[in-house]
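This briefing is meant for a reader who is meeting the structure for the first time. It begins with the overall build and then turns to a few individual residues.

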Amino acid sequence: MAMIDLHVHSTASDGTCSPSQVVELAKKAGLKAIALTDHDTVSGVAEALKAGQENGVRVIPGIELSSIYEGTEIHILGLFVRPDDPDFLAALKHFSAIRQERNKEMLRRFEDAGIHLPMEILTGSNPHTVITRAHVARALVSLGYSPSMDQAFQKYLQYGGKYCPPKKAPDPRTVVQTLKANGAFVSLAHPMQYKLGDARLSQLVSSMKSWGMEGIEVYHSSHNSLDVRKLLDLARSFNLLPTGGSDFHGSNKPKIAIGVGRGNLRIDESLLENIDILRRKA
């Protein structure tokens with residue numbers, strides 16, 4: 001039974017492994033396929049595709065986009081994106097500009113408190129990376145402001161806290177429609193992390209389905225067995241395909257390994273086969 005991982009990150013956003021290193025790790029883990037789903041960027045896709053050909057691992061071009069739903073940040077996965085679509089790239093540039101404005105405000109607040117976070121420390125090995133809270137947490141640790149990334153998040157990077165202004169992002173409808181216009185397969189990422197409750201989550205899924213969403217991430221490192229059962233039922237009720245991924249970030253999430261999450265995640269290739277069948281029918 002071949003395994004896959006449809007949610008992984010690289011240094012193109014907030015992972016610590018380059019796209020080619022991610023593919024090499026996938027090969028070592030015995031995975032048949034992965035989806036590179038960096039935050040708000042497809043800049044790592046070309047490298048990952050090349051590495052996939054060299055290592056015999058199928059690489060699905062993907063992305064993870066942020067959105068705001070009734071005041072709650074949610075993440076939306078796009079699989080099989082067309083990374084060279086000019087309209088899509090223009091939309092990503094706009095989304096990135098929103099993120100960058102928030103990052104500037106965050107860094108200004110740190111500066112006002114006497115905490116200087118140089119850009120070269122934030123970006124690390126990739127000066128073109130999309131900066132996220134994980135980059136800030138890692139910089140706080142490396143500069144001695146925090147003993148660990150977990151504590152950096154707790155002390156400095158809580159949403160809406162002193163240093164972390166509320167995030168601005170497009171609404172879910174805009175994100176779904178942007179991905180659909182690109183020809184992507186759309187899935188709601190790790191739904192249980194949003195703590196919406198059953199009724200609000202069902203309402204969100206219903207709306208996203210009406211806008212063109214085709215999947216929901218049932219299998220994820222943060223989901224327990226009860227979560228999986230609930231999400232499978234939700235997927236069936238809205239005729240959505242289940243997707244699954246570890247949300248691998250390298251050492252930024254050291255307890256999560258590619259393909260297996262915290263050790264017990266298993267994502268069968270049949271999930272990808274079902275997506276392939278749906279895409280051939282379209």
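The chain holds 10 helices and 7 strands, where helices (H or I, at least four residues) and strands (E, at least two) are DSSP runs numbered from the N terminus. Its radius of gyration is 18 Å, close to the 19 Å that the globule rule gives for 282 residues, so the chain is as compact as a globular protein of that length; the radius is taken over C-alpha atoms, and the rule is 2.2 Å times the number of residues to the power 0.38. This is a predicted model, in which local features need pLDDT of at least 70 and side-chain atom pairs count only at pLDDT 80 or more, while totals for chains, interfaces and linings use all residues. Residues are numbered from 1 along each chain as its sequence is written, and side-chain values use heavy atoms, with hydrogens and water left out.

**Overall build**

- Taken along the principal axes, the C-alpha atoms of the chain fill a box of roughly 55 × 45 × 40 Å.
- Of the 282 residues, 54% count as buried, a term that means under 20% relative accessible area, with exposed meaning over 50% and partly exposed in between (1.4 Å probe, protein chains only).
- Among contacts (heavy atoms within 4.5 Å) between residues at least 6 apart in sequence, 73% join residues at least 24 apart.

**Aromatic pairs**

- The structure holds 3 aromatic pairs, and rings of Phe, Tyr and Trp (its six-membered ring) pair if their centres lie within 6.5 Å, with planes under 30 degrees apart counted as stacked, over 60 as edge-to-face and the rest as tilted.
- The rings of Phe 110 and Tyr 156 have centres 5.9 Å apart and planes at 50 degrees, so this pair is tilted.
- Because Phe 110 lies in helix H3 (residues 86-112) and Tyr 156 in helix H6 (residues 149-156), the pair ties together parts that are 46 residues apart in sequence.
- The rings of Tyr 156 and Tyr 163 have centres 5.5 Å apart and planes at 55 degrees, so this pair is tilted.
- Phe 110, Tyr 156 and Tyr 163 form one aromatic cluster; Phe 110 is buried at a relative accessible area of 0%, Tyr 156 is buried at 8%, and Tyr 163 is buried as well.

**An exposed glutamate**

- Glu 54, found in helix H2 (residues 45-55), counts as exposed at 54% relative accessibility.
- The C-alpha atoms of Glu 54 and His 94 are separated by 33 Å, and the two residues are 40 apart along the chain.
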